[in-house]
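Subject: Structure for you to look at

Hello,

Here is the structure I promised to hand over. Please open it first, then read my notes below with the model on screen.

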Amino acid sequence: MRSFAKWLLVVGLAALMAGPSLAQEQKGRRGGQGKGGAGQGRGGFGGRGGGFLLAIPAVQEEIKATDDQKEKIRELQTKQGEAMRDLFSGGAPDQEKMAELRKKNTEEQAKFAKDTLKPDQLKRYNQIKNQQEGILALKEPEVQTALKLTGDQKEKINALAEDYQKDMRELAPMGFGGGGGGRRGKAGGGGGGGNFQETQQKINTLRKDFLTKGEKVLTDSQQKQFKEELLGKPFEMPAFGGGRRGGQNKDK
């Protein structure tokens, strides 16, 4: 029972934090941001704030998180988990409320990472987030500034990102953007309710394909900078967001 309850929390957080909701997109367009506007939600595992991403033991190991940092991460995870449970306590919430909580969590997580992680940890953490976001990382203002993207490049990236988000919604209607999910049959599956692992494999392929397309928009020097500085060495995300490499959580 404990394991199942934990799984439900993981699925709920993944659905809440990963991928843009339809309400966010509609709200962004009503606000005049138009196609691929910068204010729209981000996909990837855990969104741009990445608090959920930071809670994964393998990620903590990769950035060499201290015991004190891990405890602070657990406290944030518990706090946001309680907010998520409250949101779902009366049944499935509307998209606007989910979008509001996701935005709040994202801002809180971003501040947490900057305040809690050391510079070298934060750099590696951001690289892992960029890897998980794929093409959407190239929409981030700090990434675009670092790469000195031109207006034409930004337009092409926005168009690719919109196509990616559309394809992602077809694969994962619940909003799973990468990582996280479940082990129980069809739970969390995308398009057509297929097996989650199969859906996740398709998502990973989709992310890689669109990232490759995005990199082709960059100049050779921009590609080099993006891969070496902003992505860094490849990080293998655990199959069940939270388990260590090669294993699962202990309390099955």
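The largest nonpolar core has 22 residues. Ile-135, Leu-138, Leu-147, Tyr-164 and Phe-226 touch the most other members. A nonpolar core here is a set of buried Ala, Val, Leu, Ile, Met, Phe, Trp, Tyr and Cys residues joined through side-chain atoms within 4.5 Å. Buried means under 20% relative accessible area, exposed means over 50%, and partly exposed lies in between (1.4 Å probe, protein chains only). Helix H8 (141–147), helix H9 (151–171), helix H10 (196–217) and H11 each give two or more residues to this core. H9 gives the most, with six residues. A second, separate core has 18 residues, including Ile-73, Leu-76, Leu-117 and Ile-128.

Keep in mind that this is a predicted model: local features need pLDDT of at least 70, side-chain atom pairs count only at pLDDT 80 or more, and totals for chains, interfaces and linings use all residues. Residues are numbered from 1 along each chain as its sequence is written, and side-chain values use heavy atoms, with hydrogens and water left out.

Now the overall layout. The protein has eleven helices and zero strands. Helices (H or I, at least four residues) and strands (E, at least two) are DSSP runs, numbered from the N terminus. Of the 252 residues, 52% count as buried. Contact means heavy atoms within 4.5 Å. Among contacts with a separation of 6 or more, 74% join residues 24 or more positions apart.

Next, some single residues. Leu-147 touches Leu-138, Leu-218, Gln-222, Gln-225, Phe-226 and Leu-230, not counting residues up to four places away in sequence. Leu-136 sits in the loop between H7 and H8. Leu-136 is buried, at 1% relative accessibility. Leu-136 and Tyr-164 are 28 residues apart in sequence, yet 8.6 Å apart in space, C-alpha to C-alpha.

Gln-153 lies in helix H9. Gln-153 is buried too, with a relative accessible area of 7%. Its side chain reaches the backbone nitrogen of Thr-150 at 2.9 Å. Leaving aside neighbours within four places in sequence, Gln-153 is in contact with Lys-148, Val-217, Leu-218, Thr-219 and Gln-222.

Then look at one helix pair. Helix H7 (residues 119–133) and helix H11 (residues 220–231) pack at an angle of about 125°, with their axes 8 Å apart. Axes are lines fitted to C-alpha atoms, for helices over the stretch in contact, and angles run from 0 to 180 degrees between N-to-C directions. H7 is therefore oblique to H11. Angles under 35 degrees count as roughly parallel, over 145 as roughly antiparallel, 65 to 115 as roughly perpendicular and the rest as oblique. From H7, the residues Lys-123, Arg-124, Asn-126, Gln-127, Asn-130 and Gln-131 meet Glu-228, Glu-229, Leu-230 and Leu-231 of H11.

Last, two lysines in loops. Most residues other than glycine have a negative phi. Lys-64 has a positive phi of about 60°. Lys-64 is in the loop between helix H4 (57–63) and helix H5 (67–88), and is exposed, with a relative accessible area of 67%. Lys-148 has a positive phi of about 55°. Lys-148 is in the loop between H8 and H9, and counts as exposed at 65% relative accessibility.

Best wishes

Conventions: A polar contact is a pair of N or O atoms within 3.5 Å; within protein, one must be able to donate a hydrogen and the other to accept it, and residues adjacent in sequence count only if both atoms are side-chain atoms.
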